[in-house]
Amino acid sequence: FTGSTACIEACKSQGYNYAGLQGGYHCFCGDTFGKHGTAGNCYRPCEVGTGICGGGYANDIIATGANWGEFGQWSECTGSCGGGVSTRTRTCLTTWDKCQGPTHEEEPCNTQQCTGWNLFGSWSTCSVTCGGGT
C-alpha cells in the first residue's frame, strides 16, 4: 500500500472498524486496537523509553468509519386496502461511532381503494335434514 487512503478503503471493504499503517506501507485491519497499535501486528521492538510500538515504525490507527448492515425484509403491510405502510430496518455494525442516515425505511402498500363488504362464500350443506340445523 502506498498510503493510508488505500489501506482504509481495503479494510472498510472487508468490514473492519480500523485500519493500521505501519512504516507508511504495511497495512493491517482489525476491530480493536491498543494505545499504540495492535500487539499482534507490531513486529518491531519498542523504542527504548517511549513504549511506542515499533519506534520510528509506529502504527497509525485510523477508523474506517461507521458501517450499516443490509436492510432486512419488508414487513407485512399494515392495511389490506386503502393504503398501508411496510417497513424494513437495518443495524449500525459499529459500536464506537454513529452511523449516518435512517435506521428504517417505509413505503406505501395496498394503496388500492377499498370496495366495501367482501362477498359471502357459498352456503354449506345443512347439518340436519329437518328441525333447525345450521
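Is Cys29 buried, partly exposed or exposed, and what is its relative accessible area? Cys29 is partly exposed, with a relative accessible area of 25%. Here buried denotes under 20% relative accessible area, exposed over 50%, and partly exposed the range in between (1.4 Å probe, protein chains only).

The model is predicted: local features need pLDDT of at least 70, side-chain atom pairs count only at pLDDT 80 or more, and totals for chains, interfaces and linings use all residues. Residues are numbered from 1 along each chain as its sequence is written, and side-chain values use heavy atoms, with hydrogens and water left out.

## Disulfides

A disulfide is a covalent bond between the sulfur atoms of two cysteines. With the criterion of a pair of cysteine sulfur atoms within 2.5 Å, a search of the whole structure finds 4 disulfides. Three of them are set out below.

| Pair | S to S distance | Angle about the S-S bond | Handedness |
|---|---|---|---|
| Cys11 and Cys29 | 2.0 Å | -80° | left-handed |
| Cys77 and Cys109 | 2.0 Å | 95° | right-handed |
| Cys81 and Cys114 | 1.9 Å | 100° | right-handed |

The disulfide of Cys11 and Cys29 has a sulfur separation of 2.0 Å. Cys11 belongs to helix α1 (residues 4-13) and Cys29 to strand β2 (residues 26-30), so this pair ties together parts that are 18 residues apart in sequence. Helices (H or I, at least four residues) and strands (E, at least two) are DSSP runs, numbered from the N terminus. Cys11 is buried, its relative accessible area being 0%, whereas Cys29 is partly exposed.

The link of Cys77 and Cys109 is right-handed, with 95° about the S-S bond. Because Cys77 lies in the loop between β3 (59-63) and β4 (84-89) while Cys109 lies in strand β5 (residues 104-109), the pair ties together parts that are 32 residues apart in sequence. Both Cys77 and Cys109 are buried.

For Cys81 and Cys114, the sulfur atoms are 1.9 Å apart. Cys81 is placed in the loop between β3 and β4 and Cys114 in the segment after β5, so the parts tied together are 33 residues apart in sequence. Cys81 is partly exposed at 25% relative accessibility, and Cys114 is partly exposed at 40%. Another cysteine, Cys126, counts as partly exposed at 46% relative accessibility.

## Buried polar and charged residues

Arg90 is located in the loop between β4 and β5. Arg90 is buried yet has no salt bridge, and the nearest side chain of opposite charge, that of Glu105, is 6.5 Å away. A salt bridge requires a side-chain nitrogen of Lys or Arg within 4 Å of a carboxyl oxygen of Asp or Glu; Lys and Arg count as positive and Asp and Glu as negative, with His and the chain ends not counted. The Arg90 side chain does reach the backbone oxygen of Pro102, at 2.9 Å. Such a polar contact is a pair of N or O atoms within 3.5 Å; within protein, one must be able to donate a hydrogen and the other to accept it, and residues adjacent in sequence count only if both atoms are side-chain atoms. Neighbours within four places in sequence aside, Arg90 is in contact (heavy atoms within 4.5 Å) with residues including Trp68, Phe71 and Pro102.

Ser86, in strand β4, is buried at a relative accessible area of 5%. A polar atom of its side chain lies 2.6 Å from the backbone oxygen of Ser75. Not counting residues up to four places away in sequence, Ser86 touches several residues, among them Trp74, Glu105 and Cys109.
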